[in-house]
Amino acid sequence: MNPINTLRAALVPVALLAGTGTALADGEVNIYSYRQPELIQPLLDAFTKETGIETNVLFLDKGLVERMAAEGQNSPADVILTVDIGRLVEAKDGGVTQPLVDELVNKDIPAHFRDPDGDWFGLTTRGRVVYASKERVPETEITYEELADPKWKGRLCMRDGQHSYNIGLIASMIAHHDADYTETWLKGVRDNLARKPDGNDRSQAKAIYAGECDIALGNTYYVGLMMTNDKDPEEKDWAAAMKILFPNSGDRGTHVNISGMSLAKYAPNKDNGIKLMEFLSSGEAQKLYGEQVFEYPVMPGVEPSEIVKSFGKIKPDTLALSEIAANRKLASELVDKVGLNDGPQD
Ligand code: FE
């Protein structure tokens, strides 16, 4: 099957490949994206305006690496856009990326937010923070370590311990402490749970609103999404019932994960792909991207949106994301070992 037909055959909600068989000609760049098209379109429009290069987006909600691996050398993908270090590393390990060593990109993206080999780059960050009841939690600061403190017994909510957002956090605990400490800590966290891990991050805010728990783990951007959700206005109430505590602001900083990009291994429009990556890494693009998705630009000094600023000040942990990636497997094993998903055991 040729690449164009491969794209057309996609069983995905949105395949925005324009026009007919000429869609992959010069002057274009093809993006495989785990990010919703409406979130990245303003950014891509700005790129096209600046360079004249048209963009084609294939949105996928799963199976990006498998798909590219199956397409092999015929893959039309030039650039991958995704979220979470887990997915970026999965793309690299799956052999569907190629290294990019580019002065402009490397100047704009701090080293701890990119792959040492150049196979992935962070563009924006999201904090893994504590959602806390405004009513029932007078504390104004917290650490991840304190989540195991018995004072939170029966008061903590979280989503599935194996979810990549939690695995990233647990991997950072291993990197900062060690596996033994993290295992003991996870047992403490487990026994503080108000219920078995369940739902998504927004469900935890809902549970705080409903009085089922007092604190929960969640990503920063969901707070912006809930605050501005005109379609489901009840989410505004969930957000209004909570405040954000940025863990470890007083020491190493809050664990952050990234949204990022990679250059596809067989990028047929490689030069345009690199131009897009250089554009996306610019401070201006990071700012625009960050505004769309309620995230923080990775470039120091580039301000997030007003809504994101309203969350409070974040001091991001500067631990290299590659080191977090290296501890993900062990983190996942520990989650099973302590039975985190089974809920409290004493
Ligand atoms: Fe998310």
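View 1. Tyr165 in helix α6 (residues 164-176) and Tyr221 in helix α9 (residues 220-227) are 56 residues apart, a pair that links distant parts of the chain. Helices (H or I, at least four residues) and strands (E, at least two) are DSSP runs, numbered from the N terminus. Tyr165 has a relative accessible area of 11% and is therefore buried; buried means under 20% relative accessible area, exposed over 50%, partly exposed in between (1.4 Å probe, protein chains only).

The model is predicted, with pLDDT of at least 70 needed for local features and 80 or more for side-chain atom pairs, whereas totals for chains, interfaces and linings use all residues. Residues are numbered from 1 along each chain as its sequence is written, and side-chain values use heavy atoms, with hydrogens and water left out.

**View 2. The Tyr221 and Tyr222 ring pair.** The whole structure holds two aromatic pairs. One of them is formed by Tyr221 and Tyr222, with 4.2 Å centre to centre and 40° between the planes, and is tilted. Rings of Phe, Tyr and Trp (its six-membered ring) pair if their centres lie within 6.5 Å; planes under 30 degrees apart count as stacked, over 60 as edge-to-face and the rest as tilted. Tyr221 counts as buried because its relative accessibility is 5%; Tyr222, at 14%, also counts as buried.

**View 3. The largest pocket.** At least two lining residues come from each of α2 (37-51), α4, α6, α9 and α12, and α9 gives the largest share, three residues. On a 1 Å grid over the protein atoms alone, a pocket is an open set of points where a 1.4 Å probe fits, with protein on both sides within 12 Å along at least five of seven lines; lining residues have an atom within 4 Å of a point. Grid points are joined across faces, edges and corners, and a volume is the space filled by probe spheres set on the points.

**View 4. The disulfide of Cys157 and Cys213.** One disulfide (a pair of cysteine sulfur atoms within 2.5 Å) is found in the whole structure. The sulfur atoms of Cys157 and Cys213 are 2.1 Å apart. Cys157 lies in strand β6 (residues 156-157) and Cys213 in the loop between α8 (201-209) and β7 (215-219), 56 residues apart. The S-S torsion is about -100°, so the disulfide is left-handed. Cys157 is buried at 0% relative accessibility, and Cys213 is buried at 1%.

**View 5. Asp84 and Phe294, two residues with positive phi.** Most residues other than glycine have a negative phi. Asp84 has a phi of about 85° and is located in the loop between β3 (79-83) and α4 (85-93). Phe294, with phi near 55°, is in the loop between α12 (283-293) and β10 (296-297). Asp84 is buried at 2% relative accessibility, and Phe294 is buried at 10%.
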